[in-house]
Amino acid sequence: MNSTLRLVDVSAPLGCRQCAYFHRNVGAGEASCRSDGSISASFCGLSWRQQRGLNAWTLRSSCARVVKRRWRDRQTCGIHCELKNVAEQECLLDNESILANRKVLLHGGQNGSSDGAVAESNLEREAWDLLRDAVVTYCGEPVGTIAANDPTDPHPLNYDQVFIRDFIPSAIAFLLKGETEIVRNFLLHTLQLQSWEKTVDCYCPGQGLMPASFKVRTVYLDGDETKGTEEILDPDFGEAAIGRVAPVDSGLWWIILLRAYGKCTGDISLQERVDVQTGIKMILKVCLADGFDMFPTLLVTDGSCMIDRRMGIHGHPLEIQALFYQALRCAREILVPEDGAGDLIRQINARLAALSFHIQEYYWLDISKVNEIYRYKTEEYSTEAVNKFNIYPEQVSQWLLDWMPETGGYFIGNLQPAHMDFRWFALGNMWSICSGLATENQAEDILKLVESKWDDLIATMPMKICFPALTEDEWRIITGADPKNTAWSYHNGGSWPTLLWQFTTACIKMNRPDLAERAIEIAEKRLSRDRWPEYYDTKKGRFIGKQARLYQTWSIAGYLTSKLLSKNPDAANWLTCEEDDHYAILLEANPNLKRKFKASPNIFVV
Ligand code: GLC
């Protein structure tokens, strides 16, 4: 008698190239058991056979010719099966639930499993289906997720590529789901794309830079159409990106994800590999290199991070500093101490202490600091100057005087000579909390500020990328009259669902899950109905963004990651660090440090 099988727990051994195809063809996961004990199945558009007693699938030879050249040596797949005669069960279910159930099983999902995991809602299931549809494969292996997957979009531009920063929430969602292979593949493949040489006159990326994104392309072997095709990974370091912006954040995210992978899987062999250690060192080398700058913060051009257009964030934007700090913390944890890493670790320690001092002292803003700046004297020539950066009190705009609450505070967006950018930026503030860059009091105060300014920063869609928007002359001068970044749209005060997971992580770290839950509930009301947009427009985020992509992957993954982290808050520590004691120890030994500290802190030179 033939029975029907459900295929469950699609966990293929590393290097199995068929598995990814299987993931993407979820509809074909049924197999039948034959009287000789062998199992025949059809998935990936191919026919497979599993012999009795063997837990490996063999591709039937008649189909072998459709398999790509690069797969020839790998024709088995370790898909574990659960043998069940499901015919009886299925007659109790209507067709739709059979389909939904089957998809979950095929995805190795938690729903329907007996591991006691919290059940998934329909919304989460929808998000998982969409996230899996966005998976990109390279030579049959899952290596990332495309930025947006809107089937009705005729001009995807580069949204059909895998962006490093966009993949982070996808990666965390997969890790939380126990599907670690895609993350490992991503880390290793992007490592191969890292820039190795610099030719300034050819607009080439600097050594150590990680690409903003990459695309899987199919090309003829040796350029000869008669030889068949192969897949290649084609990176973009910004040389094709709109505005030619260099993605400084990519390498920082890569290190942060590498550490999260190790924490999640307990497998530190990946981070200990020589090529991986070299990759970390190259990223650090470019970040720690001497330049003309005197601050411990990283000096970058406009648009070098999530905000990848002209938005007046050149110089020392908070977002880069917070990610830099977190990347340094992660690197220090995962660098293998031998092989001359000692000097590098000393350099990291020195930079961490100086960076945290600089941000905590000079970027922090609360009502009393606003009052201090409001009364600043200017043109002080002295190392002891109170107004070190020569900030003119006239810079304190009316919106800030009206907006700053009595309690709570935040880190400003940027600090340069004679310039404080008082705008609130979500990502930088959230990562200041997660990374331990903010002191515990500051971290609490940032969340207090979000709570008291909920209607501005969360409103009807979490959360505002920055606040307030640049308007009129400021918009014209600072953005260059960018029609995509008009007031309360896109990067200029738009609301981005992907920021939800970073807010959730910060809330969990600070023991304020209530705030995260409130925000998640708000997002849940609209995301699916609005087809998972990239961003929302207007002051309260009431409208789908003017030019927002739909089915934007990091909106989907950001939601899933937030949900999964709320159910498993301990996992937030894959992404967080406690406040570093390094600076505290220095302070204890030098109680006058705060007053004496100068812009160029010799005290930290090792
Ligand atoms: C936009 C965003 C950028 C994102 C990219 C892909 O350019 O500004 O942060 O990585 O789209 O989603």
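Reader: Where does Met463 lie?
Author: Met463 sits in the loop between helix H16 (454–457) and strand S16 (466–467). This is a predicted model.

Reader: What kind of peptide bond joins Pro462 and Met463?
Author: A cis bond, with omega at about -10 degrees. Phe467 and Pro468 are also joined by a cis peptide bond, and omega is again about -10 degrees there. Pro468 lies in the loop between S16 and H17. Most peptide bonds are trans.

Reader: What makes the phi of Asp222 worth a remark?
Author: Phi is positive at Asp222, about 50 degrees, although Asp222 is not a glycine. Most residues other than glycine have a negative phi. Asp222 belongs to the loop between strand S11 (213–220) and strand S12 (229–236). Asn511 also has a positive phi, about 60 degrees, and is not a glycine. Asn511 lies in the loop between H18 and helix H19 (513–526).

Reader: Why is Asp222 called exposed?
Author: Exposed means over 50% relative accessible area. Asp222 has 63%, so Asp222 is exposed. Asn511 has 63% relative accessibility, so Asn511 counts as exposed too.

Reader: Why does Thr498 count as buried?
Author: The cut-off for buried is under 20%. Thr498 is at 1% relative accessibility and therefore counts as buried. Thr498 lies in the loop between helix H17 (472–479) and helix H18 (500–509).

Reader: What does the side chain of Thr498 have 3.0 Å from a polar atom?
Author: The backbone oxygen of Trp554. A polar contact needs N or O atoms within 3.5 Å. Beyond its neighbours within four places in sequence, Thr498 is in contact with Pro169, Met306, Trp554 and Ser555.

Reader: Which residues are around the ligand?
Author: Among them are Met306 and Trp554, along with Asp308, His491 and Gln552. The shell divides into six nonpolar, two polar and four charged residues.

Reader: How do you know that Asp308 has a polar atom by the ligand?
Author: A polar side-chain atom of Asp308 is 2.7 Å from a ligand oxygen. A polar side-chain atom of His491 is also 2.7 Å from an oxygen of the ligand. For a side-chain N or O atom of Gln552, the distance to a ligand oxygen is 2.9 Å. The limit is 3.5 Å, so these distances fall within it. The ligand has 310 Å² of accessible area on its own, and the protein covers 95% of that.

Reader: What makes Phe324 buried?
Author: The cut-off is under 20%. Phe324 has a relative accessible area of 1%, so Phe324 is buried. Phe324 is found in helix H10 (residues 318–334). Leaving out residues up to four places away in sequence, Phe324 touches residues including Leu252, Cys287, Pro296 and Arg351.

Reader: How many of the 606 residues count as buried, as a percentage?
Author: 56% of them. The protein has 22 helices and 18 strands.

Conventions:
Residues are numbered from 1 along each chain as its sequence is written. This is a predicted model: local features need pLDDT of at least 70, side-chain atom pairs count only at pLDDT 80 or more; totals for chains, interfaces and linings use all residues. Side-chain values use heavy atoms; hydrogens and water are left out. A residue is near a molecule or strand if one of its heavy atoms lies within 4 Å of it. A polar contact is a pair of N or O atoms within 3.5 Å; within protein, one must be able to donate a hydrogen and the other to accept it, and residues adjacent in sequence count only if both atoms are side-chain atoms. Accessible areas come from the Shrake-Rupley method with a 1.4 Å probe; for residues, only the protein chains shown count as cover. Ala, Val, Leu, Ile, Met, Phe, Trp, Tyr, Cys and Pro count as nonpolar, Asp, Glu, Lys and Arg as charged, and the others, Gly among them, as polar. Helices (H or I, at least four residues) and strands (E, at least two) are DSSP runs, numbered from the N terminus. Buried means under 20% relative accessible area, exposed over 50%, partly exposed in between (1.4 Å probe, protein chains only). Contact means heavy atoms within 4.5 Å.
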